[in-house]
Amino acid sequence: MPSSHYLRCCEREIHYVEWGRRGLPPVIMWHGLARTGRDFDDLAEALADSYHIICPDTLGRGFSQWSPDPDNEYCLAFYARIARELADQLGFGTMRWVGTSMGGAIGTVAAATTLKGRISRLVLNDNGPALAGAAIERIKAYAGHPPMFGTMQEFEQFLRTVYKPYGWQSDAQWRRMAETSARRMPDGKITPHYDPAMVRQFFVHPDDYALWDHYDTLTMPTLVMRGIDSDLLLQETAEEMTRRGPCATLAVIPGCGHAPALNVPEQIGLIRDFLQR
């Protein structure tokens, strides 16, 4: 079973879940924009026999501290600084990185800057150096105004609708997603467990996800996983990623949009095989 921990990184308290045994090869698994590190439970549990796995909650998400300076700290450069301090405090020299959506962008920036030369293998789960504009507008519209619900069942149904593009999940997995994504407000209502101000990233740093300059400097083996119906990582962008920078291997995942949940044997096996090469 995982254990829960906290460290101060860049003067902010960061929560992470730890899987596997210390001393095994380290893997950092970083979640998407409005999610938490618990999204990796199935993947981390499956790989915990071979790796020491760290699944952080990004600043402003889950049990990590909310930023007192959102305009300057809710951005990829600051997240990459947090990633370096986290890795340093954990004693990681080199590490593998698995990032979903925003977590892949953080990995790309960190691999090119704060963790340059220290990420040995990079998995980008439905993320790339250029994101579709329509999807960005969709994110800006919903992420800054998280809804509230009277019951956990209503909240779970909301997640089942919003995250349907993740692909198949069991009833137990949907329930776990709800229970690890919720916080209760003073009036008793339930809302997603993140700081709504994190969406300021898209307004204050409008080019934060334009990352070709970073991507083109990378040389480590890289796997790009694209949900076949993704509206965020377009097929032409994914294909260009196989020709530029690290010349990534592209895997198109059936039955998913943005982003594959990494919870079924086929997806877990794909990542296991890539990390072991």
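1. Arg 176 counts as partly exposed, at 23% relative accessibility. Here buried means under 20% relative accessible area, exposed over 50%, and partly exposed in between (1.4 Å probe, protein chains only). Asp 41 is buried, with a relative accessible area of 4%.

2. On the basis of the note: this is a predicted model, in which local features need pLDDT of at least 70, side-chain atom pairs count only at pLDDT 80 or more, and totals for chains, interfaces and linings use all residues. Residues are numbered from 1 along each chain as its sequence is written, and side-chain values use heavy atoms, with hydrogens and water left out.

3. Arg 176 and Asp 41 form a salt bridge through their side chains, at 3.8 Å from N to O. Arg 176 sits in helix 7 (residues 171-179) and Asp 41 in helix 1 (residues 41-47), so the pair links distant parts of the chain, 135 residues apart. A salt bridge here is a side-chain nitrogen of Lys or Arg within 4 Å of a carboxyl oxygen of Asp or Glu. Helices (H or I, at least four residues) and strands (E, at least two) are DSSP runs, numbered from the N terminus. The rule gives 17 salt bridges.

4. A second salt bridge pairs the side chains of Arg 200 and Asp 71, at 3.0 Å from N to O. Arg 200 lies in the loop between strand 8 (190-192) and helix 8 (201-204), and Asp 71 in helix 2 (residues 70-73), so this pair ties together parts 129 residues apart in sequence. Arg 200 is partly exposed at 35% relative accessibility. Asp 71 is partly exposed too, at 30%.

5. Arg 175 and Glu 156 meet at 2.4 Å, N to O, in another salt bridge. Arg 175 is in helix 7 and Glu 156 in helix 6 (residues 152-162), so the pair joins parts 19 residues apart in sequence. Glu 156 is buried at 5% relative accessible area. Arg 175 is partly exposed at 37%. Elsewhere, salt bridges with shared partners join Arg 38, Asp 41, Asp 42 and Arg 176 into one network.

6. Helix 5 (residues 133-143) has these buried residues: Ala 135, Ile 136, Ile 139, Lys 140 and Ala 143. Seen down the helix 5 axis, they fall within an arc of 140°, so they line one face. The arc is that of the directions from the helix axis to the C-beta atoms. The face turned away from the buried side carries the exposed residues Ala 134 and Ala 141. The buried residues of helix 5 pack against helix 8, where contact means heavy atoms within 4.5 Å.
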